[in-house]
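I opened the model to look up its sheet, its cores, its salt bridges and a few backbone angles. My entries follow in the order I made them.

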Amino acid sequence: MFLLAAALPAHAQRQTWGWDDGTVPYVQTPMEIVERMLRMAEVKRGDHVVDLGSGDGRIVIEAAKRGATGLGVDLDGSLVKLATENAARAGVADKAQFRVMDLFEADLTSATVVAFYLLPNFNEKLLPRLLKLKPGTRIVSHDGGIGDWPSDEKLEMRAPEKPVGVGGVSTVELWIVPANAAGTWTSQFPGHGERWNFRIRQKYQVLDIDTSAQGRELLVRNSRLRGEEIKIVVTGLIDGHAWHHYFVGTLKDERIAGELTVSDGNNRKAFPWTATRTSR
């Protein structure tokens, strides 16, 4: 749902939770946008979806149809009642729950997916809490960024049934809570540079990496942090020979475990990759 003051005629406005003056009405998310949000967040069996400002319950209900469990929170008791009835009619009452609650008081710790359609300033207020969620948690929003946190995926699409805005264009964005990769890391590759050093600076999921081996700085061409998955592309000389390096690993606490693939255009080989954080 979306919250927008004075966007609809009075008979169509329903307050789901209040702005400072309590005048924010409820606007439904079009079903095709709901479908796209759930697809982008890859909602599946085993997920737990929390919808902040759940309105008539459509996001949680559609997630439950995919085998997930879900919780929708809303300050409007009549909407919570409607959502509960809609879940029963859809046959997912055992998977979809709804509660009268301020969205800022909702417990997000068990969520694997958090969804919302809110005003950007509300999204920004949620930012500190969202970043504390378990790495890999997916966050999906309709028509609203989250402060200066860049999204991992972004899609614009036409939604003719959209009741607000001009032209029926909606933006769906996905964020994946990143692991903490910042610090100095070391790896050992016997026969291929021996000791490698990685110095990683991080803002959200965006990484700035310096890498060296055999006392020589190497060129980091690209990197990506997506939840706990980290990928780094490095080129440079090892033992006087030019190599292309592709690191793929999973980051947990103070350790990265994965694989390094190296190639020179003619030869290709793989090494187990383990990195240990030596300082933050």
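**Entry 1: the open sheet**

I began with the open sheet, which has seven strands in the order S5-S4-S3-S6-S7-S9-S8 and mixed pairing. Two strands count as paired if DSSP finds at least two bridges between them. Strands here are DSSP runs of E with at least two residues, helices are runs of H or I with at least four, and both are numbered from the N terminus. Strand S5 (96–100) and S8 stand at the edges with a single partner strand each, so one side of each has no neighbour in the sheet. I noted an average twist of 15° from one strand to the next.

Next I checked one pairing. S6 (residues 113–116) and S7 (residues 138–142) run parallel and are joined by four bridges. In this region Phe-116 stands opposite Ser-141 in S7.

**Entry 2: source and confidence**

I recorded that this is a predicted model, in which local features need pLDDT of at least 70 and side-chain atom pairs count only at pLDDT 80 or more, while totals for chains, interfaces and linings use all residues. Residues are numbered from 1 along each chain as its sequence is written, and side-chain values use heavy atoms, with hydrogens and water left out.

pLDDT is the predictor's confidence in each residue, from 0 to 100. The chain has a mean pLDDT of 90, and 89% of its residues reach 70 or more. Over residues 3–24 pLDDT stays under 50, and the model has 59 contacts beyond four places in sequence for them. A contact means heavy atoms within 4.5 Å.

**Entry 3: whole chain**

I counted four helices and 17 strands in the chain. Of its 280 residues, 48% are buried. Buried means under 20% relative accessible area, exposed over 50%, and partly exposed in between (1.4 Å probe, protein chains only). Among contacts between residues at least 6 apart in sequence, 53% join residues at least 24 apart.

**Entry 4: helices on the sheet**

H3 lies across strand S4 (69–74) and S5, and runs at about 170° to S5. Helix H4 (residues 120–131) lies across strand S3 (48–52), S6 and S7, at about 175° to S6. Axes are lines fitted to C-alpha atoms, for helices over the stretch in contact, and angles run from 0 to 180 degrees between N-to-C directions.

**Entry 5: nonpolar cores**

Which residues have the most contacts inside the largest nonpolar core? I found Trp-196, Ile-230, Ile-232, Phe-247 and Trp-273, in a core of 25 residues. Such a core is a set of buried Ala, Val, Leu, Ile, Met, Phe, Trp, Tyr and Cys residues joined through side-chain atoms within 4.5 Å. The strands that each supply at least two of its residues include S10 (183–189), S14 (229–238) and S17 (268–279). S14 gives the largest share, four residues.

I then listed partners of Ile-232 beyond four places in sequence; among them are Phe-198, Ile-209, Val-220, Phe-247 and Trp-273. Another core lies apart, with 23 residues including Leu-52, Leu-71, Leu-119 and Leu-126.

**Entry 6: salt bridges**

The structure holds 16 salt bridges. The criterion is a side-chain nitrogen of Lys or Arg within 4 Å of a carboxyl oxygen of Asp or Glu.

- Lys-81 pairs with Glu-85, with the closest N and O atoms 2.5 Å apart. They are four residues apart in helix H3 (residues 77–89), about one helical turn. Lys-81 is exposed at 52%, and Glu-85 partly exposed at 32%.
- Glu-153 meets Arg-226 at 2.6 Å, N to O. This pair links S8 (residues 153–158) to S13, 73 residues apart. Both are partly exposed, Glu-153 at 28% and Arg-226 at 22%.
- Glu-254 bridges to Arg-277 at 2.9 Å. Glu-254 is in the loop between S15 and S16 and Arg-277 in S17, so the pair ties together parts 23 residues apart in sequence. Arg-277 is buried at 8%, whereas Glu-254 is partly exposed at 34%.

I also noted a salt-bridge network of Glu-35, Arg-39, Glu-62, Lys-65 and Arg-66.

**Entry 7: positive phi**

Most residues other than glycine have a negative phi. Tyr-204 has a positive phi near 55°. Tyr-204 sits in the loop between S11 and S12 and is buried at 16%. Asp-253 has a positive phi of about 55°. Asp-253 is in the loop between S15 and S16 and is exposed at 64%.
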